[in-house]
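Biologist: Please show me the model, and let us then discuss its overall form and some of its residues.

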Amino acid sequence: MVAENLISSAVLPLRTSDTGKMALYSMENFNVRHLPIVNNRQLLGVIGEDDILIHNSGEPIGSYVLSLNHSFVKKSDHIYEVMRLLAEHQLTIIPVVDDEGDYVGMISLEDVLNYFAKTAAFSESGSIVVLEFQQRGYSLAEIARLVEAEGATILSTFVTSYPQDSLVEVTLKINRQDIRGIIQAFDRFGYEIKASYNEEEYLESLQGRFDALMNYLNV
């Protein structure tokens, strides 16, 4: 999945002639805290609520000094790059440009969340297992072998590293609700099992967090 496939036409960019008040109204209307500023097809930057609050909201935003003027992705960038920049700059939207640097649209944080919510890792039934071990002992091939030996399949993995402790935490989505045999296999091979969830428990937790995030974005 690349950025071009996630572009939303529901949210419109701002123009330099728009005032700060108009920008705030648009942000409220689209449930975002940032918007791109575009002159014809030229991306001038990204404006956030904080940029407006330190300026006169009655003046055109073209006169503002922007704190996020270099935040964008190319339409060929992978969704992981989109996620990285959204998180790094704490954005609710990220502009998308073509190979010539011209503005072609934007991707919202909600668009990214909705995409992942529809993938097999979330939509297919199964269970979650969280493992922790030393980095030097990490082998995804070995983990997959143990899971497949029990007749199951790994739908997705999420790896978190802790360099200060030389630890790796691996979250697995497995296409089976009864994972007692898999848990026992991990235990036999010395893997530390931090947590495990069946589908119902996990989805209730995930839905609660997703609803809380959506409520936050709508504030």
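This is a predicted model: local features need pLDDT of at least 70, side-chain atom pairs count only at pLDDT 80 or more; totals for chains, interfaces and linings use all residues.

Modeller: Residues are numbered from 1 along each chain as its sequence is written, and side-chain values use heavy atoms, with hydrogens and water left out.

Biologist: What radius of gyration does the protein chain have, against that of a compact globule of 219 residues?

Modeller: The C-alpha trace spans about 65 × 30 × 30 Å along its principal axes. The radius of gyration is taken over C-alpha atoms, and the globule rule is 2.2 Å times the number of residues to the power 0.38. A compact globule of 219 residues would be near 17 Å, but the protein chain has 22 Å.

Biologist: Which residues touch the most other members of the largest nonpolar core?

Modeller: A nonpolar core is a set of buried Ala, Val, Leu, Ile, Met, Phe, Trp, Tyr and Cys residues joined through side-chain atoms within 4.5 Å; buried means under 20% relative accessible area, exposed over 50%, and partly exposed in between (1.4 Å probe, protein chains only). The largest such core has 32 residues, and those touching the most other members are Ile47, Val82, Ile94 and Ile107.

Biologist: Which residues does the second, separate core include?

Modeller: This core has 15 residues, and among them are Val129, Ala152, Val170 and Ile179.

Biologist: Why does Val96 count as buried?

Modeller: Val96 is found in strand E4, strands being DSSP runs of E with at least two residues and helices runs of H or I with at least four, numbered from the N terminus. With contact meaning heavy atoms within 4.5 Å, Val96 touches residues including Ala3, Val73, Tyr103 and Ile107. Val96 counts as buried because its relative accessibility is 0%.

Biologist: How far apart are the C-alpha atoms of Val96 and Ser166?

Modeller: Val96 and Ser166 lie 70 residues apart along the chain, and their C-alpha atoms are separated by 36 Å.

Biologist: Which residue has a side chain joined to that of Glu169 by a polar contact?

Modeller: Glu169 has its place in strand E8, residues 167-174, and counts as buried because its relative accessibility is 14%. A polar contact is a pair of N or O atoms within 3.5 Å; within protein, one must be able to donate a hydrogen and the other to accept it, and residues adjacent in sequence count only if both atoms are side-chain atoms. At 2.8 Å, the partner of Glu169 is Lys194.

How values were computed:
Lists of a residue's contacts leave out its neighbours within four places in sequence.
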